[in-house]
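Hello,

As promised, here is the structure for you to look through. My notes on it follow below.

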Amino acid sequence: MQRYIEKAVLELEKVLQDQCDETCEGTVNVVTLKQNLIPETTAAGLADVFKALGDPTRVKIIYTLLQTELCVHDLTVVLDMGQSAISHQLRYLRNLRIVKRRKVGKTVFYSLDDEHIEQIFVQMLQHIKHV
């Protein structure tokens, strides 16, 4: 019972640390910040990109395409997955404009859509590796 109480007290202290004191009147002009808030559609689009990056399979696809353009077959070999699973993930990434496709005859090649995706991905990799 004592451990339960100690744990509850620690949790309450953590919550209180993340809140302003009751006498806090703020430190900046929040009205200006509120007026300049990111539009809802932009925030939703950005969240969708980060959600796409939240899936390990899609991260592996992006990482692989960061190195070179590949056809679907090559991606299935590299990732050791079925073609339908890879195609499903590529369609998801294409709908978010993270990857693009190029068709040559019957072969479809995929690459990253633009340098922004590459920059975001590389920055996040550096962030994760930074200790």
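Of the 131 residues in the protein, 18% are buried (under 20% relative accessible area; exposed is over 50%, and partly exposed lies in between, with a 1.4 Å probe and protein chains only). Please keep in mind that this is a predicted model, in which local features need pLDDT of at least 70 and side-chain atom pairs count only at pLDDT 80 or more, while totals for chains, interfaces and linings use all residues. Residues are numbered from 1 along each chain as its sequence is written, and side-chain values use heavy atoms, with hydrogens and water left out.

The overall layout

The protein has seven helices and three strands, where helices (H or I, at least four residues) and strands (E, at least two) are DSSP runs numbered from the N terminus. Along the sequence they follow the pattern α-α-α-α-β-α-α-β-β-α. Taking contacts (heavy atoms within 4.5 Å) between residues at least 6 apart in sequence, 51% join residues at least 24 apart.

The three strands form an open sheet in the order 1-3-2, with antiparallel pairing; two strands count as paired if DSSP finds at least two bridges between them. Strand 1 (70-71) and strand 2 (99-104) are the edge strands, each pairing on one side only. As a reminder, strands of a sheet pair through backbone hydrogen bonds, either parallel or antiparallel.

Strand 2 and strand 3 (residues 107-112) run antiparallel and are joined by six bridges. Among the partners, K100 is bridged to S111 in strand 3, R101 stands opposite Y110, and V104 has T107 as its bridge partner. The hairpin of these two strands has two residues between them, and G105 there takes a positive phi near 65 degrees.

Angles here run from 0 to 180 degrees between N-to-C directions, and axes are lines fitted to C-alpha atoms, for helices over the stretch in contact.

The salt bridge

How many salt bridges does a search of the whole structure find? There is one, with a salt bridge taken as a side-chain nitrogen of Lys or Arg within 4 Å of a carboxyl oxygen of Asp or Glu. The side chains of R102 and E69 form it, at 2.6 Å from N to O. R102 belongs to strand 2 and E69 to the loop between helix 4 and strand 1, so the pair ties together parts that are 33 residues apart in sequence. R102 is partly exposed at 39% relative accessibility, and E69 is partly exposed at 30%.

Helices

Helix 4 (residues 56-67) and helix 5 (residues 72-79) have axes that come within 11 Å and cross at roughly 115 degrees. Their crossing is right-handed, the term for a near helix turned clockwise from the far one by less than a right angle (left-handed if anticlockwise). From helix 4, K60, I61, T64 and L65 meet L75, V78 and L79 of helix 5. The residues of this contact divide into five nonpolar, one polar and one charged. In that count Ala, Val, Leu, Ile, Met, Phe, Trp, Tyr, Cys and Pro are nonpolar, Asp, Glu, Lys and Arg are charged, and the others, Gly among them, are polar.

In helix 3 (residues 40-52) you will find V49, which counts as buried at 17% relative accessibility. The C-alpha atoms of V49 and L93 are separated by 8.7 Å, and the two residues are 44 apart along the chain.

Two loop residues to look at

Most residues other than glycine have a negative phi. D80, however, has a positive phi near 55 degrees. D80 sits in the loop between helix 5 and helix 6 and is exposed, at 71% relative accessibility. R97 is not a glycine either, and has a positive phi of about 60 degrees. R97 is in the loop between helix 6 and strand 2, and is exposed with a relative accessible area of 59%.

Best wishes
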